[in-house]
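Hi everyone, thanks for coming.

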Amino acid sequence: MLNRRHIRVKVMQGIYAMHQHQGENLDKEEKFLFQSIDNMHDLYLLILSALIEIREKEEEYLELASKKHLATKEERNPSKRFVENKVLNLLLHSDSLTEAIDKRSITNWKHNDDIILFLLEVIKESELYKEYMDLPKVTFKDDKKFIADLFTDMIAPNERLYDYLEEHKLTWLDDLPSVNTLILKQLKQCNENDESFLITRLYKDLDDKDYVKSLFRKTILNETELSKEYIDKTPNWDTDRIAEIDTIILKMAICELLKFPSIPTKVTINEYLEIAKEYSTPKSSIFINGILDNLVKEFEKENRLNKAGRGLL
């Protein structure tokens, strides 16, 4: 689920938060960082569980409508195409998803079913839903396309869902685009022969989890040393006026260059320039690129870039 850029962003946000409240307990701040990353996985589970709950609410509605005293013919014998959608049922019967939801106590929709009912209403009033329900017959491909389109057009961009997520946990808003992209990719990859929907792991491997801790600690513990590397390389910039996010990005990038021998130099520079473009000022990436470019030349000249393996420069 997390790629290295997500990790770098999370570490950057963790260092920034630590600076803002002047935290001094490294163990406590590290714990908060890992909790923030766990929260991203909770968001992933929450969005997937919304799809299940939408299906469940529609099944409940069909059941109640069929038992009405004066039920219409349609209500007594409703189309169950939506609740029988094969992709939705892969989610419903996924042991790994159910276990993860239970383990992380994802019960938000039990207490906020008004949002689920609202989403269901939006879906049932859409042309997409009507066209799907009017198909003479459906294949697994039809089921998958419908759910993928439904997610893209009506769930991921829904303002009421967005407002709820913002109110519940503000940090989720930074994670939401990545989580939605991942879920859509997984929905599109569902196969007719799949026995279940397999949720993705939070970390690709233990190395990535170790990378979170190492990058956070090595940057924090060496901030003074790292800042000295660029402090006299900014002749046209008042160091007191450099955006704080920029100083954090610079320290993290320099830390990677000098203290992470397995990460290629070009990867480090490209990753932090992209982060600067997204999270800092419009001119930040130009400024950071200039500093890092000069530092790399200096480090190479002084034989300080001890990169391991071939092609790592």
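Let's start with Arg55: leaving aside its neighbours within four places in sequence, this residue is in contact with Phe82, Val83, Leu88, Asn89 and Leu92, where contact means heavy atoms within 4.5 Å. Arg55 lies in helix α2; helices here are DSSP runs of H or I with at least four residues, numbered from the N terminus. Is Arg55 buried or exposed? Arg55 is buried, with a relative accessible area of 5%; buried means under 20% and exposed over 50%, with partly exposed in between, using a 1.4 Å probe and protein chains only. Arg55 and Lys185 are 130 residues apart in sequence, and 20 Å apart in space from C-alpha to C-alpha.

A quick word on where this comes from. This is a predicted model, in which local features need pLDDT of at least 70 and side-chain atom pairs count only at pLDDT 80 or more, while totals for chains, interfaces and linings use all residues. Residues are numbered from 1 along each chain as its sequence is written, and side-chain values use heavy atoms, with hydrogens and water left out.

Now to helix α5, residues 95-103. Which residues of α5 are buried? They are Leu97, Ala100 and Ile101. Seen down the axis of α5, these buried residues fall within an arc of 100 degrees, so they line one face of the helix; the arc is that of the directions from the helix axis to the C-beta atoms. They pack against α2 and α4 (86-92). On the other side of α5, Asp95, Glu99, Asp102 and Lys103 are exposed. After α5 comes Ser105, with a positive phi near 55 degrees.

Next, helix α7. In α7, the buried residues are Ile115, Ile116, Leu119, Leu120 and Ile123. They cover an arc of only 140 degrees around the axis, which puts them on the same side of α7. Their cover includes α2 (26-66), α6 (108-111), α8 (127-133), α9 (140-155) and α10 (159-168).

Finally, α10 also packs with helix α11 (residues 172-189), at an angle of about 135 degrees and with the axes 9 Å apart. Axes are lines fitted to C-alpha atoms, for helices over the stretch in contact, and angles run from 0 to 180 degrees between N-to-C directions. Tyr162, Leu165, Glu166 and His168 in α10 meet Trp172, Leu173 and Leu176 in α11.

Note on methods. Helix = DSSP H or I, 4+ residues; strand = E, 2+ residues; numbered from the N terminus.
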